[in-house]
Amino acid sequence: MEFSEVVRRRRMIRHYTDKPLTPEVTERILASALRAPSAGFSQGWAFLALTDPADRARFWPFVPTRVENTPTMQDAPLVVVPLAHKAAYLARYAEPDKGWEDRAEARWPAPYWYIDTGMASLLMLLTAVDEGLGACFFGITPEHLQPFRAEFGVPDEYDPIGGITVGYRADDVPEQGARVAERRRGVEDVVHRGQWGRHA
């Protein structure tokens, strides 16, 4: 599939069949995340991949709103939880070639550990489209984070930034509503050319 078509087709899919993914497809999706950019090549991320039905069943209680509002998300054969590892970035930029000499978080203009893990997540979403699949990124609310960590043994220094479902779209996926198209902001609204407020 042409890249422009992948981008055009990408949308959040919340309704899946229970058709399994081949191990090869799953591995391509997961491996694509490793091609994301990362500050200083810190690669401060990890990915909890849930493919076994029993493991996926253990996950869903931590996102009850998703289960309540879109129960067919549970049919997705792959759930990935991307995890950001801030300490990897602080350690990398304390190395001699970076010259900061300390691990002060205040030096960072933005939390790149979250940004980079988000970019890795987007690569998985795009790879899913390229494989002819649907995918969705969604949040895990704060009150469920510690119980989630405990259930899956996630160390405290790794921060879940959300969850990703991947699978085959259900045949009855609703069409994207006209309201979405109406709300989509155009280039002329969000791109400022040379000066804030200049759109032409």
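Modeller: Buried means under 20% relative accessible area and exposed over 50%, with partly exposed in between (1.4 Å probe, protein chains only). The model is predicted: local features need pLDDT of at least 70, side-chain atom pairs count only at pLDDT 80 or more, and totals for chains, interfaces and linings use all residues. Residues are numbered from 1 along each chain as its sequence is written, and side-chain values use heavy atoms, with hydrogens and water left out.

Biologist: Which residues have the most contacts inside the largest nonpolar core?

Modeller: Leu48, Phe59, Trp60, Val81, Phe148 and Phe152. That core has 21 residues. Strand 1 (45–50), strand 2 (78–84), strand 3 and helix 7 (142–152) each give two or more residues to it. Helices (H or I, at least four residues) and strands (E, at least two) are DSSP runs, numbered from the N terminus.

Biologist: What is Val81 in contact with, leaving aside neighbours within four places in sequence?

Modeller: Ala46, Phe47, Leu48, Phe59, Ile140, Phe148, Pro160 and Gly162. Contact here means heavy atoms within 4.5 Å.

Biologist: And what does the second core include?

Modeller: Leu30, Ala36, Val80 and Leu133 are among its members. It is separate and has 17 residues.

Biologist: Back to helix 7. Which of its residues are buried?

Modeller: His144, Leu145, Phe148, Arg149 and Phe152. Seen down the axis, they fall within an arc of 140 degrees, so they line one face of helix 7. The arc is that of the directions from the helix axis to the C-beta atoms. On the other side, Glu143 and Ala150 are exposed.

Biologist: What do the buried residues of helix 7 pack against?

Modeller: Strand 1, helix 3 (53–59), helix 4 (64–69), strand 2 and strand 4 (159–160). After helix 7 comes Gly153, with a positive phi near 70 degrees.

Biologist: Now helix 2. Which residues are buried there?

Modeller: In helix 2 (residues 23–32), Val25, Thr26, Ile29, Leu30 and Ser32 are buried. Their arc around the axis is only 165 degrees, which puts them on the same side of helix 2. Their cover includes strand 1, strand 2, helix 6 and strand 5 (163–167).

Biologist: New topic. Where is Pro77, and is it buried or exposed?

Modeller: Pro77 sits in the loop between helix 4 and strand 2. Pro77 is buried, at 8% relative accessible area. Its C-alpha atom is 5.8 Å from that of Gly167, 90 residues apart along the chain.

Biologist: How many cavities of 30 Å³ or more does a search of the whole structure find?

Modeller: One. A cavity is a set of points on a 1 Å grid, over the protein atoms alone, where a 1.4 Å probe fits but cannot get out; lining residues have an atom within 4 Å of a point. Grid points are joined across faces, edges and corners, and the volume is the space filled by probe spheres set on the points.

Biologist: What lines it?

Modeller: Arg10, Arg11, Met12, Ile13, Leu125, Val129, Leu133, Gly134, Ala135 and Arg169. Helix 6 (112–130) and strand 3 (134–138) each give two or more residues to that lining.

Biologist: Last one: how much of the chain is buried?

Modeller: 38% of its 200 residues count as buried. The chain has nine helices and five strands.

Note on methods: On a 1 Å grid over the protein atoms alone, a cavity is a set of points where a 1.4 Å probe fits but cannot get out, and a pocket is an open set with protein on both sides within 12 Å along at least five of seven lines; lining residues have an atom within 4 Å of a point. A nonpolar core is a set of buried Ala, Val, Leu, Ile, Met, Phe, Trp, Tyr and Cys residues joined through side-chain atoms within 4.5 Å.
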